[in-house]
Amino acid sequence: MQLPATRFSRAADAIIERIGTLASWLWALLLVVIVANVVMRYAFSLGRIEFEELQWHLYSAGFLIAMSFAVKTDSHIRVDVVRARLSERMRAWIELYGLILLLLPFVTIILVHSTPFVINSFLDGEVSSSPGGLPYRWLIKAMLLVGFGLLSLAALSRLTRIWAYLFK
């Protein structure tokens with residue numbers, strides 16, 4: 001389904017595209033960290049907690065940012081068996097209601113409840129509970145705000161495009 005672009009969607013999509021392209025390098029960095037960790041562990045019998053934690057930090061950041069990119073590019077998972085049988089207009093209506101009634105409220109709940117979670121972690125100076133673990137635990141928790149903030153931007157962009165399609 002080709003949706004018309006709006007002024008807002010062009011600006012929002014450009015931001016998401018830039019951040020998504022930049023964040024795609026996290027996957028390459030993650031690969032390097034995993035390989036280094038495996039080589040250190042099996043070739044030199046050196047296990048490093050920092051590398052273990054860095055792996056899940058990079059994976060989490062990449063995944064959280066990729067959510068908005070998937071909505072922007074419309075490459076997220078759908079129930080295609082049902083969707084394929086519907087007209088484009090009906091698909092647009094379903095997506096409109098899905099964004100308004102499901103995705104945006106969910107994103108709002110996550111943002112509202114994760115904000116104090118991140119702030120408290122920052123104020124407490126939270127660090128990893130593992131000996132030798134990474135400091136600045138608030139930084140990875142802040143990725144919740146970044147990821148879901150970008151997801152809300154992508155959802156609003158998509159919403160304006162669907163609105164323009166349905167009510168042009």
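The following exercises, each with a worked solution, concern the predicted model shown above.

Residues are numbered from 1 along each chain as its sequence is written.

**Exercise 1. Confidence**

Task: State the mean pLDDT of the chain, and find the helices in which confidence is lowest and highest.

Solution. Begin with the term: pLDDT is the predictor's confidence in each residue, on a scale from 0 to 100. The mean for the chain is 92, and 99% of the residues reach 70 or more. Next, consider the helices, which are DSSP runs of H or I with at least four residues, numbered from the N terminus. Confidence is lowest in helix α4 (residues 80–83), with a mean of 76, and highest in helix α6 (residues 137–166), with 96.

**Exercise 2. The packing of α3 and α6**

Task: Describe how α3 and α6 pack, and decide whether they are roughly parallel or roughly antiparallel.

Solution. Two packed helices are described by the angle between their axes and the distance between the axes. Axes are lines fitted to C-alpha atoms, for helices over the stretch in contact, and angles run from 0 to 180 degrees between N-to-C directions. For α3 and α6 the angle is about 10° and the axes are 7 Å apart. Angles under 35 degrees count as roughly parallel, over 145 as roughly antiparallel, 65 to 115 as roughly perpendicular and the rest as oblique. The two helices α3 and α6 are therefore roughly parallel to each other.

The next step is the contact itself, where contact means heavy atoms within 4.5 Å. Among the residues that make it are E53, W56 and H57 of α3 and R137, I140 and M143 of α6. By class, the contact of α3 with α6 has 14 nonpolar, 4 polar and 4 charged residues. Here Ala, Val, Leu, Ile, Met, Phe, Trp, Tyr, Cys and Pro count as nonpolar, Asp, Glu, Lys and Arg as charged, and the others, Gly among them, as polar.

**Exercise 3. Two further partners of α6**

Task: Give the angle, the axis distance and the handedness for α5 with α6 and for α1 with α6.

Solution. Helix α5 (residues 88–124) packs on α6 at an angle of about 160°, and their axes are 8 Å apart. That angle makes α5 roughly antiparallel to α6. The crossing of α5 and α6 is left-handed; a crossing is called so if the near helix is turned anticlockwise from the far one by less than a right angle, and right-handed if clockwise. In the contact of α5 with α6 there are 27 nonpolar, 5 polar and 6 charged residues.

Helix α1 (residues 7–23) packs with α6 at about 145°, with 9 Å between the axes. The crossing of α1 and α6 is left-handed. Residues of this contact include F8, A12, I15 and I16 of α1 and L150, L153 and A154 of α6. The contact of α1 with α6 divides into 9 nonpolar, 3 polar and 2 charged residues. L153, which is found in helix α6, touches F8, A12, I15 and I16, leaving aside neighbours within four places in sequence.

**Exercise 4. Buried or exposed?**

Task: Classify E53, P4 and A43 as buried, partly exposed or exposed.

Solution. Buried means under 20% relative accessible area, exposed over 50%, and partly exposed in between (1.4 Å probe, protein chains only).

- E53 lies in helix α3 (residues 49–73) and is buried, at 5%. Neighbours within four places aside, E53 is in contact with S128, S130, G133, L134 and R137.
- P4 sits in the segment before α1 and is partly exposed, at 30%. Not counting residues up to four places away in sequence, P4 touches R161, A164 and Y165.
- A43 belongs to helix α2 (residues 25–44) and is exposed, at 53%.

Definitions and conventions
Predicted model: local features only at pLDDT ≥ 70, side-chain atom pairs only at ≥ 80, totals over all residues. Heavy atoms only, no water.
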